[in-house]
Amino acid sequence: MNLYKYSKVYTKFLYTSLASELEYKVNILIDLLTAILSLIGSIFLLTIFFQNNATIGGWEFQQALIIQGIYTILNGITNTWFNPNLTEIVKHVREGTLDFVLLKPIDSQFFISLKKMTPSGFLEIMLGICLLLYCTKINQINLNFNFLTLCLITIICSICILYSLWFFISTTTIWFVKTWNATEVLRSFLYIGRFPLNSFSFSLRIFFSVFIPIAFITTVPSEVFLGISQIWKILLEVIVALVFLFTSRKFWLFALRYYSSASS
Amino acid sequence: MISNLISPKFFTLLKVQYSNMLEYRVEIALWAISGIIPFFMLNIWTNNDLNESLNISDIMLSRYFLCAFFVRQFSVVWVVFSFEEDSLMGKVSPYLIQPLNPFFRYFAQHLAEQITRFPFALIIAFFFFLVNPESIWIPNFGILFLGTISTFLSFLIQFLIQSIVACLCFWTEKASSIERLLFIPTLFLSGLLAPVVSFPENVKSWIYLTPFPYLIDFPANLLSGNATNISIGFSMQILWIILLFPVFKKIWSEGTKKYTAMGS
């Protein structure tokens, strides 16, 4: 692995995708508006819930906003990097252009995961960070170095898990070709990441922490944020993230052995 | 234009599209699964006793969300995405020469997809009843009939709105971002995530004038046997269709004049 080479290639990726995205300036504006509206909508939904009950799964409104903030950041990251790139795998497999990717003297997973970027997701990330800052104020959290590093570690782990989930699902297209909307299923499952895990029934809680670890993605970082997380949960998240990253890599290499190209 | 609907041309289109859709069974099954968000919402509602202050029992609420799932399944519209792709690829040109408005083709595509989707939706409902056996009920024939009609009208409203947005492709090339923007209020205000009766009073005062509650909340209430005003619901649905149809005709005739046959 040549780090210098990869960073140089990545700046090129950034430059080209920015250039092509800025062709549609109005689009970016509309996307920004969509991001703002969708945050307002989620908060509206939360207020409906809290209108009828003071706590949901043991979380108060101010605390539930933290989950919302973290979800918004992660959703922004999904929209900026994962969504534009990983839905492209389907196209590559269907049209046989994955050949060109594999022939390049660069790691195929790197190329496929980071080629594109949609700048409008940045606003969502920023919105999420603003909401989190507001939450630290209303929840009277004092920021210190330890706290920030722990938050950063858990959020990075969440990003890794999220990336691996997306990458897993997209990789299966090598066998099934036509699963354009397998990612839509994942998207709808991820939707529940907006709410605290404790607000669901026991069976769903098990499902969302063992099979699809959405629980780790938003709830654990939020607990760290509130300072109520136990150390074993954070350690578990780090382990889950590492396992997911490692297996997604292995799975990609394994899947490539079955890739038989199209129309060639 | 309406007379085309009962002509043999349309039935042929429907048949062709149906066999086309049968080819993509797995894809449609995945689409059906990705619509299960109402069930997660139901879980939050009942698990936190949020419905107590609304005077809706758990059973009625579970029926509401099941019906919301069904209504959503049969009113999903994606015409703007198909049209955008076709217009960017220049496929619209041959359609324009044919003696049939191209939107009939998309309309038939949607109907065919709904027929294909029906068994999958039934399977999901079967599993729902396995988990919640106490909510099993059989609506009487009249209600089922009215519910089907109101679902179809809801589909028509959404189809018209999206077709109007799709026609903007003639001007902006990428109209799908506008659709994503419009989807946000549809998601939060239509009653898919929370029944409209639970909304705060200041929202309820104006929401019934917008098309949103008639997309999912009204048909779902009707089907599930929850309280709703049937005559007002139907008249508002028909009113919106009458309002939207001339807009679509106008924008279509303006747009086709502007069409420049990209990519061909």
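## A loop in chain B

B:Asn55 lies in the loop between H3 and H4 of chain B. Helices here are DSSP runs of H or I with at least four residues, strands are runs of E with at least two, and both are numbered from the N terminus. B:Asn55 has a positive phi of about 65°, although it is not a glycine. Is B:Asn55 buried or exposed? It counts as exposed, with 9 C-beta neighbours inside 10 Å. A residue is buried if 20 or more other C-beta atoms lie within 10 Å of its own, exposed if 12 or fewer, and partly exposed in between; the C-beta atoms are placed from the backbone.

B:Asp49 sits in the loop between helix H3 (37-47) and helix H4 (58-73) of chain B. B:Asp49 is not a glycine, yet its phi is positive, about 55°. B:Asp49 is exposed, with 11 other C-beta atoms within 10 Å.

## About the model

This is a predicted model: local features need pLDDT of at least 70, side-chain atom pairs count only at pLDDT 80 or more, and totals for chains, interfaces and linings use all residues. Residues are numbered from 1 along each chain as its sequence is written, while chains are lettered from A and ligands numbered from 1 in the order in which they are written.

## Chain A as a whole

Chain A has twelve helices and zero strands. Its C-alpha trace spans about 60 × 40 × 35 Å along the principal axes.

Buried residues make up 38% of the 264 residues in chain A. Two residues are in contact if their C-beta atoms, placed from the backbone, lie within 7 Å. Take the contacts in chain A between residues at least 6 apart in sequence: 80% of them join residues at least 24 apart.

## Two helix pairs

Two packed helices are described by the angle between their axes and the distance between the axes. Axes are lines fitted to C-alpha atoms, for helices over the stretch in contact, and angles run from 0 to 180 degrees between N-to-C directions. In chain A, the axes of helix H7 (residues 145-171) and H9(A) come within 9 Å and cross at roughly 155°. H7(A) and H9(A) are therefore roughly antiparallel. Angles under 35 degrees count as roughly parallel, over 145 as roughly antiparallel, 65 to 115 as roughly perpendicular and the rest as oblique. A:Leu165, A:Trp166, A:Ile169 and A:Ser170 of H7(A) meet A:Ala182, A:Thr183 and A:Leu186 of H9(A).

In chain B, helix H2 (residues 25-33) packs on helix H7 (residues 102-131) at an angle of about 55°, with the axes 9 Å apart. That makes H2(B) oblique to H7(B). Among the residues of H2(B) in this contact are B:Ile28 and B:Ala29; those of H7(B) include B:Phe120 and B:Ile124.

## Where the chains meet

How many residues of chain A are in contact with chain B? There are 34, and they touch 32 residues of chain B. Helix H2 (25-52) and helix H9 (182-190) of chain A each supply at least two residues of this side of chain A. H2(A) gives the largest share, 15 residues. By class, this side of chain A has 18 nonpolar, 13 polar and three charged residues. Ala, Val, Leu, Ile, Met, Phe, Trp, Tyr, Cys and Pro count as nonpolar, Asp, Glu, Lys and Arg as charged, and the others, Gly among them, as polar.
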